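Dear colleague,

Please find the structure below, handed over for your records.

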Amino acid sequence: RGAFETAQKAIDSLRNRARTDGLATESRFLDVYAVIVSDGRLRDRAYELLDEGRGAAEALGQVAREVARTANSGTIGDPFLQERARDIEDLCDALLMLASPDARAELPQRAVLLGNDLTVFDLIVSARSRPVGVVLTERTLGPRTRVLLKLLGLPAIVDVGGAFRWAAPGDVALVDADHGFLVINPSKADV
C-alpha cells in the first residue's frame, strides 16, 4: 500500500514539475501513469493476490501478465492496449522496488545510468539513488525519452552505439554532455 502511495506522489510531483517547466503537452503520458497508479481495480487485484499469500513480486508480476494477456488477445492485439500494458508493467516494476527493494538492483550513489531507454521507472526508483548522468544507446530518442531526460535534469548523452560492449557495472565513467562524449575508466589526465 505504501508503494502505491509513494509512486502516486512521485508521479504527481513529476506532473507538477513538467507543468512548471513548460512541458505539459509533451508530458501527457504522465497523466496515464497517474490514472494507472490510482486505478482501484489494479490495486484491488494486487491486494487480492497478496491476501492469497503471494509475495509482492509474484502479485505484481501476475497483474502485469494479466494486463499483457488482455492487450494481446485476439488475432493482432490492440496497439493502444499493448502500450498501456507496457506502462503498467513499468509501473509494477517500480512498485515492486518500492515495496520490497532488492539490494542487487540498487544503484550506487553517484552512478551513471546506462541503458537502452529511460522510463518512468527510472524517475520513480533509479532517481532515488541520485545518479549523476545518463547514457542511452542508439535505440532511444522517442518523445517520452526527451521529456523524461528533461525532468531528470542530469547531463545526458544519447545515441551511444555499442555502449554495452565496452562498459560494465562498476566501471568509472566520465560523461561530458556538453561535448557529447563518454570515457569509460578515464585516466587521471582525462579526469
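**The parallel sheet**

L114 has V135 as its bridge partner in β2. Please bear in mind throughout that this is a predicted model. The pair belongs to an open sheet of 3 strands, arranged in the order β1-β2-β3 with parallel pairing. Because β1 and β3 stand at the edges and each has a single partner strand, one side of each is left without a neighbour in the sheet.

Helix α7, residues 143–152, packs on this sheet and touches β1, β2 and β3. The direction of α7 makes about 165° with that of β2.

The pairings can be set out strand by strand. Strand β1 (residues 112–115) is joined to β2 in the parallel sense over 4 bridges, and within β2 the residue opposite L113 is V134. On the β3 side, β2 pairs in the parallel sense with residues 156–157 over 2 bridges. V134 takes part here as well, with A156 as its bridge partner in β3.

In a regular strand, side chains alternate between the two faces of the sheet. Strand β2 (residues 133–136) can be read in this way: G133 and V135 point one way, while V134 and L136 point the other way. All of these β2 residues are buried.

**Helix α7 and its surroundings**

Which residues of α7 are buried? They are T145, V147, L148, L149, L151 and L152. The buried residues of α7 pack against the strands β1, β2 and β3 and also against the helices α1, α2 (29–38) and α6 (120–124). Just after α7 comes G153, whose phi is positive at about 70°.

**The α4 and α5 pair**

Two packed helices are described by the angle between their axes and the distance between the axes. For helix α4 (residues 56–71) and helix α5 (residues 79–99), the axes come within 8 Å and cross at roughly 175°. Angles over 145 degrees count as roughly antiparallel, so α4 is roughly antiparallel to α5.

On the α4 side, the contact is made by A56, A57, L60, V63, A64, V67, A68 and A71. On the α5 side, the residues are L81, Q82, A85, I88, E89, C92, L95 and L96. Sorted by class, the contact between α4 and α5 has 14 nonpolar residues, 1 polar and 1 charged.

A71 is placed in helix α4. Is A71 buried or exposed? Its relative accessible area is 3%, and since under 20% counts as buried, A71 is buried. Between the C-alpha atoms of A71 and E83 there are 8.5 Å, with the two residues 12 apart along the chain.

**An aromatic pair**

The count of aromatic pairs comes to 1. The pair is formed by F4 and Y47 in an edge-to-face arrangement, with 5.8 Å centre to centre and 80° between the planes. Since F4 lies in helix α1 (residues 2–20) and Y47 in helix α3 (residues 40–51), the pair ties together parts that are 43 residues apart in sequence. F4 and Y47 are both buried.

**The hairpin of β4 and β5**

Strand β4 (residues 173–176) and strand β5 (residues 181–184) run antiparallel and are joined by 4 bridges. The hairpin has 4 residues between the strands, and G180 takes a positive phi near 75°.

D159 has a positive phi of about 70° although it is not a glycine. Where is D159 found? D159 sits in the loop between β3 and α8 (163–166). With a relative accessible area of 48%, D159 is partly exposed.

N185 is also a residue other than glycine with a positive phi, in this case near 50°. The location of N185 is the segment after β5. N185 counts as partly exposed, at 44% relative accessibility.

With kind regards

Note on methods:
Residues numbered from 1 in each chain as written. Heavy atoms only, no water. Buried < 20%, exposed > 50% of the residue type's maximum accessible area, 1.4 Å probe, protein only. Pairing = 2+ DSSP bridges. Axes fitted to C-alpha atoms, helices over the stretch in contact; angles between N-to-C directions. Parallel < 35°, antiparallel > 145°, perpendicular 65-115°, else oblique. Contact = heavy atoms within 4.5 Å. Nonpolar A, V, L, I, M, F, W, Y, C, P; charged D, E, K, R; others polar. Phe/Tyr/Trp six-rings, centres within 6.5 Å; stacked < 30°, edge-to-face > 60°.
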